[in-house]
Every structure is written in structure tokens, then in C-alpha cells.
Amino acid sequence: MTLSLLDALQELRSNPRFADRITAWRHLPALPACYAPIPSDLQPPVVNALRQRGMERLYVHQASAIAAVLRGKDVAVVTGAASGKTLCYNVPVLDALLRVPEARALYLFPTKALAQDQLAAWQQLSTDLLPATAAATYDGDTPSSARSRIRRTARVLITNPDMLHVGILPHHTRWREFFAGLKYVVVDEMHTYRGIFGSHVANVLRRLRRVCDFYGSQPSFICCSATIANPQDLAQQLIGRPVTLLDDDGSPRGEKHFVLYNPPLVDVAHGVRRSLILEAATVADLFLSRDLTTIAFSRGRLTTELLLTYLRRAAKQRGQPAKRIRGYRGGYLPRERRAIERGLRNGQICGVVSTNALELGVDIGELSVCVLAGYPGTIASTWQQAGRAGRRQDVSAVVLVGGLSALDQYLLSHPQFLFGRSPERALLAPDNPFVLQSHLKCAAFELPIADGEPFAPDMDTDGLLQDLAEGEGVLRHSEKRWYWMSSRYPAQAVSLRTAASDNFLVCMKEGEVIGQVDSASAPMLIYPGAVYLHEGQSYRVEELDWDGRVAHVHPTEVDYFTDVSVSVKVEVLRVQRSQPVGCVSRANADVRVCSKATGYKRIRLYTHEQLATVPLDLPEQELLTHAYWLCLHDEVVMELRDEGDWTIAPILSYGPNWAQQRRRARERDGFRCRNCGRPEPPGREHDVHHLRPFRIFDYRPGENANYLLANRLSNLITLCPECHPKVEAAHAVQGTLGGLANLLRALAPLYLMCEPRDLGVASDLNFAPTRAPTIVFYDAVSGGVGFSEMLYELHSDLLQACLEWVHNCPCEEGCPACIGAPPQTGAGAKARVKRLLERIVGET
């Protein structure tokens with residue numbers, strides 16, 4: 001297999017079809033292991049169990065972690081993928097259970113699949129020392145008939161934060177012996193507990209410590225994480241106590257080749273490159289055709305299914321069974337995911353296309369190659385995904401195929417961001433008021449809350465409890481304690497990420513469930529008319545029952561996929577701080593964000609040609625969060641108008657129905673200007689203007705009928721000759737504003753060290769609080785997690801990076817790698833964005 005891999009890498013390096021597209025090639029040499037003796041404090045049976053498995057000594061980080069835990073320290077173990085972190089907690093837990101019959105341990109993993117893996121690892125170590133029933137998984141898949149037995153017999157309980165939150169803590173009286181003897185709490189894959197999920201988990205752990213204190217136990221915490229920039233800070237925020245950091249990784253590392261690969265330009269002037277998915281499929285097939293076990297990661301469900309479709313079709317053309325290549329993502333049913341994991345371990349499957357669902361440490365056997373279809377969103381995730389190849393110390397290869405986005409292109413041309421800097425800081429906000437209030441209700445349900453109890457030491461907990469008592473009537477204050485007074489079960493109403501009750505089921509007409517989609521993603525994936533892709537099979541969504549949380553689909557064979565368009569409105573609730581900075585102003589505020597799916601596009605497979613645009617009418621989604629905005633002062637807008645051409649290039653054809661729709665719009669408006677009210681003068685008709693610019697509908701005569709949507713009466717208004725140029729100029733400003741927003745949105749994740757999906761963005765020519773052109777960024781989670789506040793601080797650095805990037809991009813009029821393509825931003829937008837940034841940065 002090593003020779004086949006080296007042959008494939010030589011093909012990648014020498015064949016001009018591939019070699020000309022490589023922007024960086026890093027050879028990461030193999031590293032030897034660094035060992036330390038097994039800690040002498042361990043009991044002889046535990047030492048013998050290790051030696052029976054061929055471990056006469058341990059990696060240095062394993063020995064250090066075990067010794068620290070035995071001394072009663074709370075620890076955070078931070079090492080690379082496949083470095084043996086499991087032993088760091090299994091060994092001291094086994095030692096404690098053999099010493100003290102009443103001792104118990106709680107293992108928390110972010111996914112059920114990881115929990116199953118860890119149960120197998122525990123049983124391999126504890127065989128002949130403890131009965132098999134001493135450890136058990138306890139999650140939503142655990143049969144009701146087994147739960148009572150697990151509560152009685154399990155000394156190691158393996159679960160996830162969701163089950164702890166909703167199925168264990170609220171019923172702690174059934175677990176009194178377990179909590180009374182709780183010696184260790186293991187928090188694995190700690191780096192995944194960031195953002196809103198991490199904020200919830202920190203509060204669940206606050207509730208866990210309350211319950212443990214009630215039963216008289218003080219468990220130690222063992223946290224394990226992939227490499228991030230702030231592991232100690234994250235661990236301390238999660239558990240609320242100081243921790244000892246252990247990050248001296250002693251595990252060996254196999255030789256790895258890491259390649260950055262840029263799809264070829266097909267239109268240099270417009271910066272258009274060959275499709276990311278098509279190019280990733282070509283690269284992955286280079287390895288799969290040599291029977292090299294390969295995992296391909298994609299950033300979303302749709303692109304995962306598209307990539308799977310292309311790879312399976314390529315396998316069929318070679319005469320190989322397509323079923324040896326499988327997909328893996330959230331939305332697949334548990335039995336499908338377990339079958340795919342088994343197939344990868346036993347070699348029945350040679351290739352898998354996954355979202356980040358396989359990023360974590362689920363055992364999927366030995367893989368030789370990892371292909372990343374686009375930058376995963378964070379540097380930590382990039383290395384986690386890359387670590388899925390070569391997990392058995394063999395030679396491995398990773399190829400990151402860049403996308404069209406400015407973030408991807410920036411990384412390909414600045415590889416030092418990937419190879420030469422620390423990964424991201426994991427941010428969370430346990431005192432987010434929306435999150436905190438929810439968990440205060442849960443905590444009061446579990447045990448009365450005493451006056452002054454430091455549940456959240458930095459917050460006015462008593463004030464929040466008073467608000468819950470007065471506003472919702474669910475608490476009562478008596479004898480210096482707050483008591484839960486409602487018949488409701490509060491944990492069921494609090495989702496840590498996406499609760500099952502909030503999911504939409506995807507069903508065939510016969511009732512067969514083929515998948516599920518979370519409520520936030522439903523308007524983006526399963527709207528009526530959408531092509532829903534599952535395991536490479538296309539399904540057309542016939543009906544979306546919003547109230548019933550069900551999408552009805554049927555199988556279909558089409559040569560296109562669908563992509564939704566969303567409109568966003570931002571309402572400011574309270575400005576927190578605001579400051580002029582040169583010719584712009586920056587601000588932070590609490591906001592309400594309303595988003596609505598307004599239509600979708602049909603896009604042809606392979607060519608990615610846009611075939612049609614179809615309107616949608618779905619319920620509006622609301623989000624209360626924090627925002628940052630950048631507002632242009634009036635003088636800079638007027639100066640740029642005077643200095644350059646802020647007009648938009650003329651459109652040659654508005655479609656065959658334009659004359660009729662133009663007349664109907666004027667008739668509807670009473671032949672008066674909708675802006676100033678002026679009537680049409682004799683001999684001169686007023687103009688008719690498109691509210692959503694005609695060019696964004698991408699009408700091409702003879703190729704599509706998109707003019708029908710563009711020329712709807714609801715998109716047309718009548719304007720007089722004096723008002724029309726002002727409105728058109730405003731659209732040019734909108735194009736410039738949108739171009740700058742594209743740049744900022746693309747580069748912000750590198751400076752914020754977050755994922756692109758953690759941020760939302762909107763631009764408005766006349767934003768209500770400022771009455772000026774404004775770009776608004778908001779945290780894409782209720783209550784926010786601090787990204788907007790960081791943007792306020794990074795304001796100048798980020799604008800400087802944007803100016804550098806737009807100067808260096810080789811396109812002429814704008815492209816997806818910088819400000820966006822001209823149909824969205826208007827002719828001349830790149831020059832306008834450049835001048836605007838020069839002015840802003842110069843004054844800053």
C-alpha cells in the first residue's frame with residue numbers, strides 16, 4: 001500500500017494536470033515516540049493489564065497525566081490525533097475502581113459513536129479485572145429495559161452531555177449511589193465544546209457539581225482535547241476550577257505529505273476556477289483508483305452528497321463496485337452510520353465521503369489518504385481531519401483542495417496560517433443570559449437554589465431567579481431558597497445543540513424515514529421543490545409540513561441540484577458601545593435577526609450552470625444575538641461618488657415581457673414616481689426600476705427564463721428621471737458595500753479564529769440606527785458567544801488585511817476569491833472597494 005501511495009504522490013507531483021495547481025507541499029517527517037515508566041503508584045493488577053497488552057512503558061504524556069490524576073489534580077491533556085489519550089483516563093479510573101468498591105466514573109463524549117468506541121476500549125483493558133457489566137453506555141439508544149440494571153450495576157457510565165442534561169441530572173435520586181461515589185468525570189474531545197454548545201455544556205457541568213456536592217462527592221475532572229490555542233482556559237471555563245495542562249505529546253507520528261491544491265482558473269479576468277467538488281473528486285479518484293483507502297471531507301450535506309455521487313460514478317466507469325464508496329453525515333440513521341464504521345474497519349469499504357461527523361476519534365480503521373474539499377473552517381478542524389489518515393503510523397497523504405471563497409484562496413496563498421501558527425482559541429460564554437436562565441430552571445428543578453449560591457459567580461444569579469419567578473411564575477422563594485413550582489420538565493425544553501424534538505424527519509410517502517434535518521437547516525435543505533441528496537440518491541421534496549416537522553419526498557433522477565437564497569433583516573435592540581474611527585464608525589449592539597428563505601436555484605450537475613430561480617414562501621426565523629457594525633460616514637460616500645464611476649453597466653435585454661411589465665408597473669403606480677410622487681409629464685414616460693437588481697437573476701437570452709422572476713410586478717417601481725439616477729447610484733453603493741462585506745466575512749474567521757458559519761452578515765444602504773451605508777456582522781447563535789465583541793477590537797487589523805487581499809487578487813472586476821462576482825456587486829465594484837478601503841485604512 002505504501003508503494004501505491006508513493007506512486008500516486010509522484011503522479012500528483014509530476015503530472016502537469018495536477019502539479020501546476022499545487023501551491024504548497026509540506027513533508028512532515030516521522031517522529032519517534034518519547035516514553036516514560038509506568039507510574040509506580042498504580043496497583044499491580046493494573047500494571048499487569050498494561051503489560052499483557054505489550055505496554056512495558058507509556059508515552060510521556062500518558063505517564064504524566066496518570067500521575068497527576070492519581071495525585072487528585074484536575075487535568076487537561078492536549079495531544080494530537082491517535083496519541084493514546086484514552087489510557088490517560090482509563091488507567092487511573094480502573095485503579096480507583098479496584099481500590100474502592102464504591103468508586104464510580106462518568107465519561108462524557110460529544111457523540112454516541114464515540115461512546116460505543118470507548119466502551120470497547122475500556123472492556124479490553126478491564127477484562128479479567130472487573131465484570132463486563134461494570135461499564136455501560138447510557139444514551140437515547142439504550143433500551144428502557146436495560147436502564148434500571150445500568151443504574152444499579154454500572155461503575156463506569158459512558159454517556160454524552162445531552163443525556164446527562166435531560167436524562168440523568170433531573171432524575172438524580174435514582175442515581176444516588178452513583179453520584180455519592182463519583183470519583184472521576186472524563187470530558188473527552190473537549191475542543192468540540194465551544195460556541196453555544198460549549199456554553200450549554202459548561203452549565204450542565206455546573207449542575208453536575210451541585211448534585212455531586214449534595215451527595216457528598218468531589219470528583220476530579222480529566223479533560224482531553226485536540227490541539228487548540230487555549231486548552232487550559234477552555235477547560236477551566238467548562239469545569240469552573242483550575243486545571244493542570246499536560247501537552248507534551250510523546251506519541252510517534254508517521255510520515256505525512258500535506259498538499260495545498262488550487263483548482264485551475266477557467267476565466268482569469270473574472271477569477272473563476274473549476275468547481276471545488278469536481279476537482280476534489282478528481283483528486284480523490286486518483287487515490288481510490290489505486291485501491292488506497294481514502295476519506296474525503298466536505299463542508300456541508302449537499303456538497304458531501306455531490307462528491308459521493310461523482311466518486312461512485314467514476315468507480316462504475318472503472319468497473320469497480322460503487323458500494324465500496326459510502327457517504328457519512330448527520331441525518332443518516334444510526335444503523336447506517338454503524339454499518340459504515342464497521343465496513344471501514346474491516347476493509348469492505350475503501351472510500352468514505354463525510355461531513356465533519358467523522359472528524360472526531362471514532363475508530364474507522366487504517367486510512368492512507370485524506371482529501372479536504374475546501375478549508376474545513378478552522379485550523380484545529382483541518383488538523384483533526386488530516387489526522388484521520390495515517391493513524392497507524394504509516395506514510396499518509398493529505399490534500400486540501402481550495403474553494404472559490406476568499407478564505408480558501410487566502411489560505412492557499414498564505415500557507416503560514418496553516419503550517420506556522422497555533423490553532424484557534426475555543427470561545428464559549430457560559431454566562432450568556434439565554435443559556436444561563438435555561439439552566440437555572442433546570443438546576444432549581446433538580447435541587448432548590450439557596451440565596452447567594454454561586455452557580456454563576458460573575459452574574460447576579462439572584463436577580464435572574466427573581467426575573468424567572470416574576471416573569472414566568474415557575475419559581476417560588478421561601479426560607480432563603482428558590483423552589484421549582486411548575487409541572488413542566490424544564491430540561492426537555494432546553495436543547496444543548498439540536499434536540500430530537502426540534503428535528504424534521506425526511507420521509508417517503510409510504511412512511512419510511514430516510515433521514516432527519518435540524519430545524520435551523522430545514523429552510524435551507526428540505527423546502528418544497530428541493531432536491532434532497534442521501535447516500536448519492538436524489539429525492540425531490542414534495543411537501544414540507546412545518547408544524548408536523550416532516551418533509552415528504554420521493555426518489556427522482558434529475559441532472560441538477562438546488563441551492564436556497566435567504567434574505568436577512570437586522571433590528572437593533574440596544575447599542576452597547578459606538579466609536580468613530582476615521583471616516584467610519586464601529587459599534588456593538590444587541591440585535592434581533594429575522595431570516596427568510598425567499599427562493600432557490602436549480603443548478604446543473606458537473607457544469608454548475610444555473611438553470612432557473614424559483615420563489616419560496618416559508619416561515620421567518622428569528623434570532624436574538626449580539627452584533628458588530630461598520631458604518632460609512634456621509635462624506636466618504638459623497639467623495640467616492642465624485643471621484644469615480646458609481647454607475648452600473650447597462651443591461652442589453654430585460655426579457656421579452658419587459659414592455660408589458662413596464663407598462664403594468666406604471667399603471668399600478670398611477671403614472672407617478674414612487675419616490676417623490678411627481679406625475680409623468682406630457683411626452684415623457686417615467687422609468688421603471690427593479691428593486692432587486694435585474695442582473696442578480698442571471699438572465700441569459702435563449703438559455704433560461706429568469707427574466708420572469710426579475711420582472712414580477714412586486715419587484716418593479718416607477719421612478720421619475722430625477723429620482724432614478726439617485727436610486728441607481730445607491731445600488732452602486734450597495735454593490736460596493738456588498739463587496740466589502742464579502743471580503744470581511746471571508747477573512748474574519750482567520751482573525752476571530754472561528755468557523756465561517758459562526759458569523760452572519762447583512763449590508764444595508766440605510767441602516768435604521770445609522771441612516772447610512774452599514775455592514776452588520778452578528779453571532780449566529782442566540783445570545784452570542786463573543787465574536788462580535790472581538791470584531792470590534794479587531795476592526796483596524798481586519799480592514800488592513802482586506803486591503804492587502806483585494807490589491808493582490810489578479811481578477812479585473814471582482815471574483816469569488818475577493819469581493820464577489822460582478823453580477824452581484826456591479827461593474828467597477830472592485831475598484832470602488834479598493835478606493836474605499838484605502839480611504840478607511842489611511843485614516844485609521
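Which residues in H18 meet which residues in H19? On the H18 side they are Leu436, Gln437, Leu440 and Lys441, and on the H19 side Thr461, Leu464, Leu465, Asp467 and Leu468. Keep in mind that this is a predicted model. Mean pLDDT for the chain is 88, with 94% of the residues at 70 or more.

**Helix H18 against helix H19**
- H18 covers residues 433-446 and H19 covers residues 461-471; their axes come within 10 Å.
- The two axes cross at roughly 75°, which means that H18 is roughly perpendicular to H19.
- Sorted by class, this contact takes in five nonpolar residues, plus two polar and two charged ones.

**The parallel sheet**
- Here seven strands make up an open sheet with parallel pairing, and the order reads S6-S7-S5-S8-S9-S4-S10.
- At the edges sit S6 (135-137) and S10 (244-246), each of which pairs on one side only.
- Going from one strand to the next, the twist averages 15°.
- S4 (residues 75-78) and S10 run parallel and are joined by three bridges.
- If you want to find that pairing on screen, look for Ala76, whose bridge partner in S10 is Leu245.

**Helices lying across those strands**
- H4 (residues 60-70) lies across S4, S8 (182-187), S9 (220-225) and S10. Relative to S4, H4 runs at about 170°.
- H10 (residues 195-215) lies across S5 (104-108), S8 and S9. Relative to S8, H10 runs at about 175°.

**Antiparallel strands S24, S25 and S26**
- S24 (residues 531-534) and S25 (residues 537-545) run antiparallel, with four bridges joining them. Leu533 has Ser538 in S25 as its bridge partner.
- S25 also pairs with S26 (residues 550-555), again in the antiparallel sense, over six bridges. On this side Val541 is bridged to Val553 in S26.
- S25 and S26 form a hairpin with four residues between them. In its turn, Arg549 has a positive phi of about 60°.

**A mostly covered helix**
- Seven of the eight residues of H16 (residues 406-413) are buried.
- The buried ones are Ala406, Leu407, Asp408, Gln409, Tyr410, Leu411 and Leu412.

- Over residues 644-648, pLDDT stays under 50.
- The model still has 18 contacts for residues 644-648 beyond four places in sequence.

Note on methods: Residues are numbered from 1 along each chain as its sequence is written. This is a predicted model: local features need pLDDT of at least 70, side-chain atom pairs count only at pLDDT 80 or more; totals for chains, interfaces and linings use all residues. Side-chain values use heavy atoms; hydrogens and water are left out. Axes are lines fitted to C-alpha atoms, for helices over the stretch in contact, and angles run from 0 to 180 degrees between N-to-C directions. Helices (H or I, at least four residues) and strands (E, at least two) are DSSP runs, numbered from the N terminus. Angles under 35 degrees count as roughly parallel, over 145 as roughly antiparallel, 65 to 115 as roughly perpendicular and the rest as oblique. Contact means heavy atoms within 4.5 Å. Ala, Val, Leu, Ile, Met, Phe, Trp, Tyr, Cys and Pro count as nonpolar, Asp, Glu, Lys and Arg as charged, and the others, Gly among them, as polar. pLDDT is the predictor's confidence in each residue, from 0 to 100. Buried means under 20% relative accessible area, exposed over 50%, partly exposed in between (1.4 Å probe, protein chains only). Two strands pair if DSSP finds at least two bridges between them.
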